[in-house]
Amino acid sequence: MLKSYGAFEKEGKVNIALEFMDAGSLAHILKKVGQISEPIIGLLTVQILQGLAYLHKMHVVHRDIKPANILLNKNGVVKLADFGVSG
């Protein structure tokens, strides 16, 4: 999960400061490079499943896993995002 650095209100809107994932979303990467090789997909999948296992342990269901909600940094670290419909 993304690290949260806090929240603040500005001009009637709540802003949440989260960890910066400098490679963007998996959806963004797929648009930019097209296909991703199977070994890389395997590495990403392991991290995604580790994140989902952690959520399961915490009794949280994400409910919206898709490339746009899978964020990466340039070191290849994967984080799950957008828990708006989680339960």
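Q: Which backbone nitrogen does the side chain of N73 reach at 2.8 Å?
A: Let's start with where to look in this predicted model. N73 sits in the loop between β4 and β5 (78-80). From there, its side chain comes to 2.8 Å from the backbone nitrogen of N75.

Q: How far is the backbone nitrogen of V77 from a polar atom of the side chain of N73?
A: Stay with N73, in the loop between β4 and β5. A polar atom of its side chain and the backbone nitrogen of V77 are separated by 3.1 Å.

Q: Is N73 buried or exposed?
A: Leaving aside neighbours within four places in sequence, N73 is in contact with M21, D22 and A23. Its relative accessible area is 15%, and buried means under 20%. So N73 counts as buried.

Q: What is the phi of E11?
A: Find E11 in the loop between β1 (4-10) and β2 (13-18). Most residues other than glycine have a negative phi. E11 is not a glycine, yet its phi is positive, at about 55°.

Q: Is H59 buried or exposed?
A: H59 belongs to the loop between α2 (38-57) and β4 (70-72). H59 also has a positive phi of about 65°, although it is not a glycine. Its relative accessibility is 70%, and the cut-off is over 50%, so H59 is exposed.

Q: Which residues make a nonpolar surface patch of about 310 Å²?
A: Look at I16 in strand β2. I16 has 57% relative accessibility, so it counts as exposed. I16 is one of the residues in the patch, which is made by V14, I16 and L18.

How values were computed: Residues are numbered from 1 along each chain as its sequence is written. This is a predicted model: local features need pLDDT of at least 70, side-chain atom pairs count only at pLDDT 80 or more; totals for chains, interfaces and linings use all residues. Side-chain values use heavy atoms; hydrogens and water are left out. Helices (H or I, at least four residues) and strands (E, at least two) are DSSP runs, numbered from the N terminus. Buried means under 20% relative accessible area, exposed over 50%, partly exposed in between (1.4 Å probe, protein chains only). Patches are made of residues with over 30% relative accessible area and no salt bridge: like charges are joined within 9 Å, nonpolar side chains (Val, Leu, Ile, Met, Phe, Trp, Tyr) within 5 Å. Accessible areas come from the Shrake-Rupley method with a 1.4 Å probe; for residues, only the protein chains shown count as cover. A salt bridge is a side-chain nitrogen of Lys or Arg within 4 Å of a carboxyl oxygen of Asp or Glu. A polar contact is a pair of N or O atoms within 3.5 Å; within protein, one must be able to donate a hydrogen and the other to accept it, and residues adjacent in sequence count only if both atoms are side-chain atoms. Contact means heavy atoms within 4.5 Å.
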